Amino acid sequence: MNSEELTQKYVALDERVTRHTEQIKTMFNQIGEAKAIAESVHKLATNVELLAHEQKSTSNKVDALTGDIEEIKGRPARRWENAVSTAIKIIVTAIITYALTRAGLQ
């Protein structure tokens, strides 16, 4: 090989090294971007997990409140039933007392 061929080979190799160096830099940049995306996905997954936990907690609280509301809604009905029951007892007692009084028991 003569010096001109060696020079051409050197220039060709130098160009290849330059291209490879640029490709390596590009790949490192892409790896950095991929790392950033992976970190973002990890943060997103963590936030979704927290939101799911909070939603479950909120759901449990809503269930408890629903039970409390049903109990509160039932109170007037129970009061009315108690009032009617008491009124019936008073009327029955009055009728029995009246009947016994009319029968001569005092």
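Which helix holds both Glu22 and Lys25, and how many residues apart are they? Both lie in helix α1, which covers residues 3–102, and they are 3 residues apart, about one turn of the helix.

## Basis of the model

This is a predicted model, in which local features need pLDDT of at least 70 and side-chain atom pairs count only at pLDDT 80 or more, while totals for chains, interfaces and linings use all residues. Residues are numbered from 1 along each chain as its sequence is written, and side-chain values use heavy atoms, with hydrogens and water left out.

## Overall form

The protein chain contains 1 helix and 0 strands, where helices (H or I, at least four residues) and strands (E, at least two) are DSSP runs numbered from the N terminus. Its C-alpha trace spans about 150 × 15 × 15 Å along the principal axes. The radius of gyration is 45 Å, whereas a compact globule of 106 residues would have one near 13 Å; the radius is taken over C-alpha atoms, and the globule rule is 2.2 Å times the number of residues to the power 0.38.

Of the 106 residues in the protein chain, 1% are buried, a class defined as under 20% relative accessible area, with exposed meaning over 50% and partly exposed in between (1.4 Å probe, protein chains only). The chain exposes about 9,900 Å², of which carbon and sulfur atoms supply 62%, as computed by the Shrake-Rupley method with a 1.4 Å probe.

## Salt bridges along the helix

A search of the whole structure finds 3 salt bridges, each being a side-chain nitrogen of Lys or Arg within 4 Å of a carboxyl oxygen of Asp or Glu. In the pair formed by Glu22 and Lys25, the closest N and O atoms are 3.8 Å apart; Glu22 is partly exposed at 44% relative accessible area, and Lys25 is also partly exposed, at 48%.

Lys73 and Glu70 meet in another salt bridge, at 3.6 Å from N to O, and they are 3 residues apart in helix α1, about one helical turn. Lys73 counts as exposed at 55% relative accessibility, while Glu70 is partly exposed at 46%. Arg75 and Glu71 pair at 3.4 Å, N to O, and are 4 residues apart in helix α1, again about one helical turn; Arg75 is partly exposed at 37%, as is Glu71 at 41%.

## The annotated region

An unreviewed UniProt entry lists residues 83–101 as "transmembrane region", although such annotations may be inferred rather than shown by experiment. In the model this span is 100% helix and 0% strand, and its end C-alpha atoms lie 26 Å apart.
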